[in-house]
Amino acid sequence: MPASEYKKYYLISRPHFNEKIRVWLPYASVTAAGDGREFYYHQFRELNSTFETEEQALSFGFIVARAWVDEQL
């Protein structure tokens, strides 16, 4: 599972291959551990984008997660 640290958050991108339509679908999530009492988690499942390669979908997942952190947190 590819992961990256961005600011104080961990970004995870796990694209999966859809056999029916034969494309890669991105999936990403953002996690953060607080001061020991809190845990933060946000998923991006329905990104409405498809890609020909796993690498493209992987990169897109990280881009979406970083943009969301910058805008929301």
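Contact here means heavy atoms within 4.5 Å. The exercises below concern a predicted model, in which local features need pLDDT of at least 70, side-chain atom pairs count only at pLDDT 80 or more, and totals for chains, interfaces and linings use all residues. Residues are numbered from 1 along each chain as its sequence is written, and side-chain values use heavy atoms, with hydrogens and water left out.

**Exercise 1. The loop residue Leu47**

Task: Determine where Leu47 is placed and which residues Leu47 touches, not counting residues up to four places away in sequence.

Solution. Step 1: Helices (H or I, at least four residues) and strands (E, at least two) are DSSP runs, numbered from the N terminus. On this basis Leu47 belongs to the loop between strand 6 and helix 1.
Step 1: Once residues up to four places away in sequence are set aside, Leu47 touches Pro26, Tyr27, Phe60 and Val64.
Step 2: Tyr9 is 38 residues from Leu47 in sequence, and their C-alpha atoms are 20 Å apart in space.

**Exercise 2. The chain as a whole**

Task: State the order of the elements of the chain, its box and its percentage of buried residues.

Solution. Step 1: The chain holds 1 helix and 6 strands, and from the N terminus on the order is β-β-β-β-β-β-α.
Step 1: Along the principal axes, the C-alpha atoms fill a box of roughly 45 × 20 × 20 Å.
Step 2: Buried means under 20% relative accessible area, exposed over 50%, and partly exposed in between (1.4 Å probe, protein chains only). Of the 73 residues, 36% count as buried.
Step 3: Among contacts between residues at least 6 apart in sequence, 43% join residues at least 24 apart.

**Exercise 3. Thr31 and its surroundings**

Task: Decide whether Thr31 is buried or exposed, and list its contacts beyond four places in sequence.

Solution. Step 1: Thr31 is found in strand 5 (residues 28–33).
Step 1: The relative accessible area of Thr31 is 11%, so Thr31 is buried.
Step 2: Leaving aside neighbours within four places in sequence, Thr31 is in contact with Tyr9, Tyr10, Phe39, Tyr40 and Tyr41.

**Exercise 4. Aromatic pairs**

Task: Count the aromatic pairs, then classify the pair of Phe44 and Trp68 and the pair of Phe51 and Phe60.

Solution. Step 1: Rings of Phe, Tyr and Trp (its six-membered ring) pair if their centres lie within 6.5 Å; planes under 30 degrees apart count as stacked, over 60 as edge-to-face and the rest as tilted. By this rule there are 3 aromatic pairs.
Step 1: Phe44 and Trp68 form an edge-to-face pair, 5.7 Å centre to centre with 75° between the planes. This pair links distant parts of the chain: Phe44 is in strand 6 (residues 39–44) and Trp68 in helix 1 (residues 54–72), 24 residues apart. Both Phe44 and Trp68 are buried.
Step 2: The ring centres of Phe51 and Phe60 are 5.2 Å apart with the planes at 45°, so this pair is tilted.
Step 3: Phe51 counts as buried because its relative accessibility is 18%, whereas Phe60, at 23%, counts as partly exposed.
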